[in-house]
Amino acid sequence: MSGAEIERKWLVETLPPEVEGGRWDTRKLEQGYLAVSDAAEVRVRRADGGEAWLTVKSAPGLSRVEEELVLEDGAFERLWPLTEGRRLVKHRYSREADRGVLLELDVYEGELEGLAVLEVEFASEDAAAAFVAPDWVGRELTGDRAYANQSLALHGRPA
């Protein structure tokens, strides 16, 4: 994926029952951060122990730059040690809610266990503004740096 990412994010209070019912695609993601600054992040991510990517993103917000490159065989394993102390593991449940609206429910493991966040990706900022969040989510986290994955990897769960 390349270009702009338009996304809103919410804290999940209760997992929706349909998550376990097979209506969502699921995969386990391991991700670690190679570099993090106020302006951008560089991370590596591997899905289900297989395909891996290098991603560069601008700072968290409603709309941001995202460039994603598929890593060749062995590159993830060479880069992973450089992420020590800046990692997280999550299960991502995803499904398309409407055309151009992708729901991604992240349920974290390890030190972040018990934390779940819904990220919703949109085709436009107008679609993002019109979206009504499901009733199983709580506080909106869009732009909240404490809940950005890079911050979770570096500092753990916000207090």
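1. A residue counts as exposed when its relative accessible area is over 50%, and as buried when that area is under 20%. The model discussed here is predicted. With a relative accessible area of 52%, G49 is over the cut-off and therefore counts as exposed. G49 belongs to the loop that joins β3 and β4. Its C-alpha lies 8.0 Å from that of K28, and the two residues are 21 apart in sequence.

2. D48 is in the loop between β3 and β4 as well. Its relative accessibility is 53%, so D48 also falls in the exposed class. The backbone of D48 deserves a look, as its phi is near 50°, a positive value in a residue other than glycine.

3. R92 presents another case. This arginine sits in strand β6, and its relative accessible area is 4%. That value is under 20%, which means that R92 is classed as buried. What does the side chain of R92 make a polar contact with at 2.7 Å? The partner is the side chain of D106. A polar contact at 3.4 Å links the side chain of R92 to the side chain of E119.

4. Neighbours within four places in sequence are left aside here, and R92 is then in contact with D25, T26, R27, L29, R45, E104, L105, D106 and E119.

5. A75 is placed in helix α1, which covers residues 75-79. Its relative accessibility is 8%, a value under the 20% limit, so A75 counts as buried. Between A75 and V101 there are 32 Å in space, C-alpha to C-alpha, and the pair is 26 residues apart in sequence.

6. The largest pocket holds about 390 Å³ of space. Its lining is made up of 28 residues, and those nearest the centre are E5, E7, K57, E119 and E121. Two or more lining residues come from each of β1 (2-12), β2 (25-36), β3 (40-47), β4 (52-58), β5 (63-70), β8 (116-122) and α3 (149-155). Which element gives the most to this lining? It is β1, with 4 residues.

7. The make-up of that lining is worth noting. By class, 17 of the residues lining the largest pocket are charged, 6 are nonpolar and 5 are polar.

8. At least two lining residues are supplied by β6 (87-98), and at least two by α3. The largest share comes from α3, which provides 4 residues. The classes here are 7 nonpolar, 3 polar and 3 charged residues.

9. Strand β6 contains R92 and supplies at least two residues to the lining of the second largest pocket.

Key:
Residues numbered from 1 in each chain as written. Predicted model: local features only at pLDDT ≥ 70, side-chain atom pairs only at ≥ 80, totals over all residues. Heavy atoms only, no water. 1 Å grid on protein atoms, 1.4 Å probe; cavity = no way out; pocket = protein on both sides within 12 Å on 5 of 7 lines; lining within 4 Å. Points joined across faces, edges and corners; volume = space filled by probe spheres on them. Nonpolar A, V, L, I, M, F, W, Y, C, P; charged D, E, K, R; others polar. Buried < 20%, exposed > 50% of the residue type's maximum accessible area, 1.4 Å probe, protein only. Polar contact = N/O pair within 3.5 Å; in protein donor to acceptor, adjacent residues only side chain to side chain. Contact = heavy atoms within 4.5 Å.
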